[in-house]
Protein chains: 2
Amino acid sequence: MVKKDISDTQIIKTAFKILSINGTAESLSIRKIAAELDISVSTFYWHFANKQALLQAMADDVMAEVLIEPSTEAWDVQIKAIFMAIYQTYLKYPYAAELMILTVPATKIRLRLINQLIQILLDAGFAPDKSSLVIESIDHFITGLFADIANEVRLKNCALTSQDNYMRELVGQMQSIAQENHYDAFLSTFDQHQHVQLASEPKFMLGLDIFLAGLKQQLPHHN
Amino acid sequence: MVKKDISDTQIIKTAFKILSINGTAESLSIRKIAAELDISVSTFYWHFANKQALLQAMADDVMAEVLIEPSTEAWDVQIKAIFMAIYQTYLKYPYAAELMILTVPATKIRLRLINQLIQILLDAGFAPDKSSLVIESIDHFITGLFADIANEVRLKNCALTSQDNYMRELVGQMQSIAQENHYDAFLSTFDQHQHVQLASEPKFMLGLDIFLAGLKQQLPHHN
DNA sequence: ACCTGAACACCGTTCAAGT
DNA sequence: ACCTGAACACCGTTCAAGT
């Protein structure tokens, strides 16, 4: 009927709001956004081509927050700093990793970041193909890590729906199966795995450090 | 009405069939399985508690195919061999990685595998907490890699629906944005990235080797 | 023990129609 | 240029009822 002056930004903002409430990206729906903004579902489609387009815009917004200062440090220090900045942003927005998995880096902001990372490795003397493979590898690692964390957070937080109760039972099952079969190596790490959940920073740092150490070692042989 | 003698195994088999046709896990629905088997949707729920339970069973079936022989080799050779076996299985079933992301390793088969990996690191002299973190890291890496590959395969294969056309456009956008902004480092790796797609084995091996090299280096300082 | 139909509460997307 | 209602073609899950 009347113009409601809904902007793209408003839709994105509402989407983030919904996402931050129940954590996981699958809980975000166009219909919920429409209800929250008190607009018709079809109005959404005037502002965005489809749901994917919205996710792209959201992913871009998240990555825009990653701050990177130019640096003259060694290549591995630079790489580490950038991924730590990405890590910090992912920590702030628990759904960020999921958003990256669901989207494609087809925006200026995200491509600049990738370009920057590859450039650092090129400057360090790595071959082009190797450089991009390495960046992809770290990206896979960090995305996988956060997908895992997001999953675990989902398991802990919501014991509400029957679905999530089922998932909680599964975690209980893990322990009892491990005990029955004497999977002692697994059990020795299980308890702590249950408690140090949110201290994921050492987890991330460790993996990143190991990878960079291995990479450093490879350099003299390949340029 | 009449008994149709539908077994759990039959449902799983049909689910795999549907999954292998259109690749991605989101295309799998209980309603499609029911239609294919010519049973009522509600019949499914007599055989499985819910969709998650089906996915758990499927994930377990996939991992059951990972063959691991006992070995007396060095720890890093053993670890590599196991992850290569996992890699081979994931290659065979393109939806396997997605299945692992969506499920929890709450079964005898999957827990045994994790236990085995941790045990190898414990025997090598790593501390329990570090051992499990390392295994998780590699797991994140491999899962992330395959999620990425699955995504790319999806982009290439299906140019059918409007959704996928939109995604294809995005890939085109990546290139033009990179060109406009002179993201040369990115561009230098883009072309080859487009062609050597399915040769992901070197990609995987490289990442794994780098990680293991870094890990090896850390050992003397930490036990 | 095994299967069904009908219903409930959701989705994303399209499109002719309104102002 | 911006918004709507109604429809289409999907989902997962439940439950009383059938054999």
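How far does a polar side-chain atom of B:Lys51 lie from a phosphate oxygen of DNA strand D? The distance is 3.0 Å, which falls under the heading of polar contacts (pairs of N or O atoms within 3.5 Å). This is a predicted model, in which local features need pLDDT of at least 70, side-chain atom pairs count only at pLDDT 80 or more, and totals for chains, interfaces and linings use all residues. Residues are numbered from 1 along each chain as its sequence is written, chains are lettered from A and ligands numbered from 1 in written order, and side-chain values use heavy atoms, without hydrogens and water.

**DNA strand C**
- An N or O atom in the side chain of A:Arg31 is 2.3 Å from a base nitrogen of DNA strand C.
- The side chain of B:Thr43 places a polar atom 2.4 Å from a phosphate oxygen of DNA strand C.
- From B:Ser40, a polar backbone atom is 2.8 Å from a phosphate oxygen of DNA strand C.

**DNA strand D**
- Around DNA strand D there are 25 residues, and A:Trp46 and B:Arg31 are among the nearest.
- Of the atoms of DNA strand D within 4 Å of the protein, 56% belong to sugar and phosphate.
- B:Arg31 has a polar side-chain atom 2.3 Å from a base nitrogen of DNA strand D.
- For B:Tyr45, a polar side-chain atom lies 2.7 Å from a phosphate oxygen of DNA strand D.

Terms used:
Polar contact = N/O pair within 3.5 Å; in protein donor to acceptor, adjacent residues only side chain to side chain. Near = heavy atom within 4 Å.
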